[in-house]
Amino acid sequence: MAALSLDPRLSPQMGKTLHQNGVNIEKIEGLIKVYNDGRVERPATVPNVPCTVASELDVTAKDVVLDKFSNLWARLYAPSCPAGKLPLIIYFHGGGFCVGSAAWSCYHGFLAELASKSGCLIMSVNYRLAPENRLPAAYDDGFNAVMWVKTQAMSGASAHKWWLCKLNISSLFLAGDSAGANIAYNVAARIGSSDATLLKPLSLKGMILIQPFFGGESRTGSENHAAQPPNSALTLSCSDTYWRLSLPLGANRDHSWCNPLANGSTKLRGLQLPPVLVCVSETDILKDRNVQFCTALVNAGKRVETIVYKGVGHAFQVLQNSDLSQPRTKEMISHIRDFIRR
């Protein structure tokens with residue numbers, strides 16, 4: 001059954017250029033439909049799955065409520081028999097800020113394997129979605145998830161000892177793919193602009209940005225010319241739709257949340273950011289924008305490691321939609337493991 005919700009802020013005028021009948025004003029086939037009366041429909045194209053993890057991975061997973069008032073929750077993954085304390089990756093799923101879930105089967109499988117193969121704790125955050133909750137709602141949820149971890153680490157809550165006892169509080173990473181990478185970056189930037197003692201006793205050691213979802217009014221070469229297969233996870237038209245639905249009403253794609261380079265890279269120099277691993281897909285429409293972002297970070301004096309995965313497109317690591325997806329996913333997990341162990 002499709003999920004239905006209501007966004008009272010959507011107006012009938014929004015869709016006049018798309019559908020003269022004024023019914024369906026925004027649509028990404030199989031993922032989301034937005035109607036002019038405020039209804040939002042998300043077909044269950046990707047199944048939600050419970051916390052069960054394959055026994056050979058030797059990982060325990062549980063869902064935890066972070067904030068019952070905003071319905072913020074997360075799925076925690078913890079290797080069962082770690083050798084010493086483990087780093088924690090706070091992970092944000094992709095989906096253009098509009099679709100996706102920490103319970104989606106593709107994310108559950110990828111993150112369970114990542115926790116097992118990389119030897120880390122993972123907290124996969126189920127943040128609020130647009131257009132019902134436009135940005136910065138997802139950033140707020142990401143920041144609140146980090147603060148929740150801090151609270152648990154300080155209190156040593158007995159209900160969470162099953163993973164807290166394995167946590168290395170000096171080794172926290174923010175990560176995500178696509179829109180989730182955008183969230184990780186913006187949460188890190190918010191933390192970096194705050195008081196230096198904000199996270200204590202936690203320490204933010206790095207960011208892992210997988211195919212970060214950025215945009216801009218001016219098109220890049222890969223946005224204009226990257227040939228996309230029929231099963232591509234992200235086309236240019238889909239990207240534009242996601243931004244229309246997620247940015248504040250009236251904003252365009254040069255808003256800083258969409259395009260961090262819109263006003264040059266001067267602002268980046270003043271940001272306090274940890275070292276970052278950026279994973280880029282060779283056939284992704286975001287490739288050029290990702291590479292430009294990495295170059296701007298380096299020019300701003302940030303420590304950046306950029307890896308380009310050959311022959312694969314957007315979200316290959318969760319969709320497994322090509323013959324190269326599995327070997328490239330193994331490479332990615334290996335790169336992430338090396339990054340968090342430094």
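The model is a predicted one, in which local features need pLDDT of at least 70 and side-chain atom pairs count only at pLDDT 80 or more, while totals for chains, interfaces and linings use all residues. Residues are numbered from 1 along each chain as its sequence is written, and side-chain values use heavy atoms, with hydrogens and water left out.

Helices (H or I, at least four residues) and strands (E, at least two) are DSSP runs, numbered from the N terminus. Two strands pair if DSSP finds at least two bridges between them. In general, strands of a sheet pair through backbone hydrogen bonds, either parallel or antiparallel. Here, an open sheet of 8 strands has the order β5-β6-β8-β7-β9-β10-β11-β12, with mixed pairing. Its edge strands, β5 (59–67) and β12 (304–309), each pair on one side only. On average, neighbouring strands of this sheet are turned by 20° against each other, direction ignored. Strands β7 (residues 86–92) and β8 (residues 121–126) run parallel and are joined by 5 bridges; I89 has I122 in β8 as its bridge partner.

Helices pack on this sheet too. Contact means heavy atoms within 4.5 Å, and axes are lines fitted to C-alpha atoms, for helices over the stretch in contact, with angles from 0 to 180 degrees between N-to-C directions. Helix α1 (residues 105–118) touches β5, β6 (72–79), β7, β8 and β9 (167–177), and its direction makes about 40° with that of β6. Helix α8 (residues 287–299) touches β10 (204–210), β11 (276–281) and β12, its direction making about 160° with that of β11.

Next comes helix α2. The expected span of a helix is 1.5 Å times one less than its number of residues. With 19 residues, α2 reaches 26 Å from its first C-alpha to its last, close to the 27 Å expected. Just after α2, G156 takes a positive phi of about 60°. Within α2 (residues 137–155) is D141, which counts as buried (under 20% relative accessible area; exposed is over 50%, partly exposed in between, with a 1.4 Å probe and protein chains only) at 1% relative accessibility. Leaving aside residues up to four places away in sequence, D141 touches S70, L72, Y127 and R128.

Aromatic rings complete the picture. Rings of Phe, Tyr and Trp (its six-membered ring) pair if their centres lie within 6.5 Å; planes under 30 degrees apart count as stacked, over 60 as edge-to-face and the rest as tilted. The structure holds 14 aromatic pairs. The ring centres of F97 and Y139 are 6.4 Å apart and their planes stand at 85°, so this pair is edge-to-face. It links F97, in the loop between β7 and α1, with Y139 in helix α2, 42 residues apart. F97 is buried at 2% relative accessibility, and Y139 is buried at 2%. F214 and F293 form a tilted pair, 4.8 Å centre to centre with 45° between the planes. F214 is buried, with a relative accessible area of 2%, and F293 is buried, with 1%. Finally, F97, Y139, F213, Y242, W243 and W257 form one aromatic cluster.
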